[in-house]
Protein chains: 2
Amino acid sequence: MKKYLEILKKCPLFDGIEDSNLLKMLVCLGAKTDFYDKKYTVLSEATPAKYIGVVLSGSVQVIQIDYYGNRSILSGLGAGEVFAEAFACAEIGSMPVSVIANEPCEIMMIDSSHILHTCQNNCGFHQRLIYNLMKDLATKTIMFHQRIEVTSKRTTRDKLLTYLMLQAKKAGSNSFDIPFDRQELADYLEVERSGLSSEIGKLRREGILESEKKHFILY
Amino acid sequence: MKKYLEILKKCPLFDGIEDSNLLKMLVCLGAKTDFYDKKYTVLSEATPAKYIGVVLSGSVQVIQIDYYGNRSILSGLGAGEVFAEAFACAEIGSMPVSVIANEPCEIMMIDSSHILHTCQNNCGFHQRLIYNLMKDLATKTIMFHQRIEVTSKRTTRDKLLTYLMLQAKKAGSNSFDIPFDRQELADYLEVERSGLSSEIGKLRREGILESEKKHFILY
DNA sequence: AAAAGTCTGTTGAATTTTCAACATAAGGAG
DNA sequence: CTCCTTATGTTGAAAATTCAACAGACTTTT
């Protein structure tokens, strides 16, 4: 676990907790880590929502698949980011989404009951963890607002441009990489891949953007 | 404030706090209440995100309006429900959405810094409030997941049926009321009102549902 | 009671998306 | 290096949505 200390320090769940205490605390919380290969299901829909996950290396995607087989990508998460915390904290019983490895990755899982229900005198960091969870969930809520701002647009073109402008703003530059390939971007924007590709082509011909795989430049 | 005690007791923000302490605590937090007429803007986009709101009576809607003037309804909230907590807790500076009164209502506002930053020794309930905020935000996150489950459907018909089935499940009956009129439902589902109306007509003729204004029966 | 305004449903034309199929390029496995 | 798989772009027809306009039912106002 020690080798991931730098990642853990950046994880919002452990904000304000000193290095010297962090590893001890993880032992106290019974944190377990595992490796997953690309495409492996880390947490699957309808299984108990007990664990809070932290990406130590690689990346995962939170997805939902409906009865027609259409995939929605709810979010893509990289090293230091937290997932499934909302389901564990809300204590809703079972997972309404699946989490899959987007590339080979190492994941740390913490049983949420150790954070939510253990007597708070056992370990002085529970209060801070709850505060951090609250901050993290507030941030996630805002991410969902942004996602809705994107997907509420009615045309593929507007969805794409709204998304790209947000990414450019986030990157602080009109030249940036996105974390999705074309099919994934289509599933995030909730449009057809073919329509998305053709819209990118149009925007390119109109001189509004340039793109090379996952790299985009907006003009 | 006393007259709203029953409402406040149901508010997730005040879970686990005894009646006798609740009113004292609200004074300590500097909670203020105001009346708003229908359509009045309670909190407007781009203003500072300082306050956590609680609906005491009536109802409000959280909305977002884009540069084309298209309205998206992010959520509708009734008595006892909390709003704007995510923006205040994430300390993002300014509101990315507006909150408007859906009918005449009374609203309680709490300056979030009194919860997040006041020394926790001042008032023994801060820890509990933070825990409650965390739970509330986890629940909100799950609501957004449901909303995405609905709006990720590609056709008006599928969006509508997915929404109605969730409402029926929530009501525990195939006969239930929805909190939206037609235009609002269209703005929530992110479809055209006219297309929505015609789809409801089709479903009625097919014998899949009956509807009378805001009341629906699913078969 | 009449007038004005709001809500809902309907329609048809224009626009856009979806769907299915194929072509090419790029990358990985053997 | 070649084969196989995956990712991306393109196309055209079918399907669905959007848009604008209007009519009827209901409410609210005066």
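Of the atoms of DNA strand C within 4 Å of the protein, what percentage belong to sugar or phosphate? The share is 61%, and the rest belong to bases. This is a predicted model, in which local features need pLDDT of at least 70 and side-chain atom pairs count only at pLDDT 80 or more, while totals for chains, interfaces and linings use all residues. Residues are numbered from 1 along each chain as its sequence is written, chains are lettered from A and ligands numbered from 1 in the order in which they are written, and side-chain values use heavy atoms, with hydrogens and water left out.

**DNA strand C**

- Around DNA strand C there are 16 residues, and those that come nearest are Thr156(A), Glu192(A), Arg182(B), Arg193(B) and Ser197(B); a residue is near a molecule or strand if one of its heavy atoms lies within 4 Å of it.
- Two side chains of chain B have polar atoms beside phosphate oxygens of DNA strand C, with Arg182(B) at 2.8 Å and Ser197(B) at 3.0 Å; a polar contact is a pair of N or O atoms within 3.5 Å, and within protein one must be able to donate a hydrogen and the other to accept it, while residues adjacent in sequence count only if both atoms are side-chain atoms.
- Arg193(B) instead places a polar side-chain atom 2.9 Å from a base nitrogen of DNA strand C.
- The elements that give two or more residues to the surface near DNA strand C are α8 of chain A together with α7 (182-189) and α8 of chain B, where helices (H or I, at least four residues) and strands (E, at least two) are DSSP runs, numbered from the N terminus.
- The largest share of this surface comes from α8(B), which supplies 5 residues.
- By residue type, the surface near DNA strand C divides into 1 nonpolar, 6 polar and 9 charged residues, where Ala, Val, Leu, Ile, Met, Phe, Trp, Tyr, Cys and Pro count as nonpolar, Asp, Glu, Lys and Arg as charged, and the others, Gly among them, as polar.

**DNA strand D**

- DNA strand D also has 16 residues around it, of which Arg182(A), Arg193(A), Ser197(A), Thr156(B) and Glu192(B) come nearest.
- Of the atoms of DNA strand D within 4 Å of the protein, 62% belong to sugar or phosphate, and the rest to bases.
- An N or O atom in the side chain of Arg182(A) is 2.9 Å from a phosphate oxygen of DNA strand D, and for Ser197(A) the corresponding distance to a phosphate oxygen is 3.0 Å.
- A base nitrogen of DNA strand D lies 3.3 Å from a polar side-chain atom of Ser194(B).
- At least two residues of the surface near DNA strand D come from each of α7 and α8 of chain A and α8 (193-205) of chain B, and α8(A) gives the most, with 5 residues.
- The residues of the surface near DNA strand D divide into 1 nonpolar, 6 polar and 9 charged.

**Salt bridges**

- A search of the whole structure finds 22 salt bridges over all chains, each being a side-chain nitrogen of Lys or Arg within 4 Å of a carboxyl oxygen of Asp or Glu.
- Glu6(A) and Lys9(A) form a salt bridge with an N to O distance of 3.6 Å, and both residues lie in helix α1 (residues 5-10) of chain A, 3 residues apart, which is about one turn of the helix.
- Glu6(A) is partly exposed at 49% relative accessible area, and Lys9(A) is partly exposed at 35%; buried means under 20% relative accessible area, exposed over 50%, and partly exposed in between (1.4 Å probe, protein chains only).
- In the salt bridge between Arg147(A) and Glu190(A), the closest N and O atoms are 3.2 Å apart.
- Arg147(A) lies in helix α5 (residues 126-151) of chain A and Glu190(A) in the loop between α7 (182-189) and α8 (193-205), so the pair ties together parts that are 43 residues apart in sequence.
- Arg147(A) is buried at 1% relative accessibility, and Glu190(A) is buried at 6%.

**Domains of chain A**

- The domain assignment, which is an automatic or database one, divides chain A into domain 1 (2-144) and domain 2 (153-218).
- The C-alpha centres of these two domains of chain A lie 29 Å apart.
- In chain A, 6 residues of domain 1 are in contact with 6 residues of domain 2, contact meaning heavy atoms within 4.5 Å.
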